[in-house]
Amino acid sequence: MSEPYVLETHNLVKEFKGFVAVDDVNLKIQKGHIHALIGPNGAGKTTVFNLLTKFLIPTRGQILFNGQDITSMKSAAIARKGVVRSFQISAVFPHMTALENIRVALQRFEGTSFSFWKSGNSLNKLNERCMELLASVGLAEYANTTTVELAYGRKRALELATTLAMEPELLLLDEPTQGMGAEDVDRVVELVRTAAKGRTVLMVEHNLSVVRKLCDRITVLAQGAVLTEGDYDTVSADPRVREVYMGTSDSGERGAAGSENQTEVAR
Ligand SMILES: Nc1ncnc2c1ncn2[C@@H]1O[C@H](COP(=O)(O)OP(=O)(O)OP(=O)(O)O)[C@@H](O)[C@H]1O
């Protein structure tokens, strides 16, 4: 019997005009894990994510979801199968209330999947589910607040709830704490922990303290290839990991986060 991997890649390669951005990457994401993809700037994390969610077509290699080859499937098809990237299909509408945004997400999901509220009592069921989803991200009391009035962290929580409306089995999070202050970061850590219950999460995250708090397993990418893999303690003690982080001069908006990360790894 094969291992219970939700997602696997086999020798995944992405070249851009001869430049190898993703170099023979073999990932194995275990069911129920929160798995992080980390690495210095330019390591290939976003490109791997874009391959997994079909924003990009691999040059070579295979992507398997629950053992099924999904390499040539389109984004919408894999979303229906349960591979959903937050903020992928779930943009929020600023002038709708939080509740209305969730309702739109649920109705959109209904369009691509079965509908459990089509028969009798449908509206009540829909509203109940909306409130459940809002409560799951701590936004119950903001149900009737217009989205534009929500603080940044709460907007991200709402976006996450619209993603959860699609009932993902594998949730892909691309830098969920990007651009957040410490208080919002803590809230997102709790949020991801809650969202991860009963599902598998793969996240790209620059903030290594978030990775330490949340992730069961970490894959480190460097120059497009897997450098190493393991739990936080193993990976952060690996001198090669320290070296790739130390050897990176982060700049611009990620500069501060980059320095923090280096300190964290070096601890
Ligand atoms: N469309 C593209 N065309 C050419 N090169 C690209 C393209 N997309 C990414 N690259 C290159 O591939 C490499 C990996 O980029 P990628 O954005 O995946 O890295 P990353 O690990 O996500 O970095 P960051 O942490 O800065 O977001 C980089 O050298 C980048 O310049």
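**Close-up views of a predicted model**

View 1. Helix 1 gives the most to the shell around the ligand, with 3 residues. Helices (H or I, at least four residues) and strands (E, at least two) are DSSP runs, numbered from the N terminus. This is a predicted model, in which local features need pLDDT of at least 70 and side-chain atom pairs count only at pLDDT 80 or more, while totals for chains, interfaces and linings use all residues. Residues are numbered from 1 along each chain as its sequence is written. Around the ligand are Phe16, Phe19, Ala21, Gly39, Asn41, Gly42, Ala43, Gly44, Lys45, Thr46 and Thr47; a residue is near the ligand if its C-beta atom, placed from the backbone, lies within 6 Å of it. The elements that give two or more residues to this shell are strand 2 (19–25) and helix 1 (45–52). By type, the shell divides into 4 nonpolar, 6 polar and 1 charged. Here Ala, Val, Leu, Ile, Met, Phe, Trp, Tyr, Cys and Pro count as nonpolar, Asp, Glu, Lys and Arg as charged, and the others, Gly among them, as polar.

View 2. Helix 1 is largely enclosed by the rest of the structure, because 6 of its 8 residues are buried. A residue is buried if 20 or more other C-beta atoms lie within 10 Å of its own, exposed if 12 or fewer, and partly exposed in between, with C-beta atoms placed from the backbone. The buried residues of helix 1 are Lys45, Thr47, Val48, Phe49, Leu51 and Leu52. Lys54 lies in the loop between helix 1 and strand 5 (60–65). Although Lys54 is not a glycine, it has a positive phi of about 70°. Lys54 is buried, with 22 other C-beta atoms within 10 Å.

**View 3. The loop residue Glu175.** Glu175 is found in the loop between strand 8 (170–174) and helix 6. Glu175 is not a glycine, yet it has a positive phi of about 50°. It is partly exposed, with 19 other C-beta atoms within 10 Å.

View 4. The protein chain is divided into domain 1 (5–89 + 168–266) and domain 2 (94–165), with bounds from an automatic or database domain assignment. The contact takes 15 residues from domain 1 and 12 residues from domain 2; two residues are in contact if their C-beta atoms, placed from the backbone, lie within 7 Å. On the domain 1 side, helix 2 (75–81) and helix 6 (182–195) are the elements that give two or more residues. The largest share of that side, 6 residues, comes from helix 6. The residues of the domain 1 side divide into 10 nonpolar, 2 polar and 3 charged.

**View 5. The largest nonpolar core.** Of the 69 residues in this core, Ile102, Leu134, Ala161, Ala165, Leu172 and Val211 touch the most other members. A nonpolar core is a set of buried Ala, Val, Leu, Ile, Met, Phe, Trp, Tyr and Cys residues joined through C-beta atoms within 7 Å. Helix 3 (residues 98–112) gives the largest share of the core, 6 residues. The core draws at least three residues from each of domain 1 and domain 2. Not counting residues up to four places away in sequence, Leu172 touches Phe49, Leu52, Thr53, Val83, Val84, Arg85, Ser86 and Leu202.
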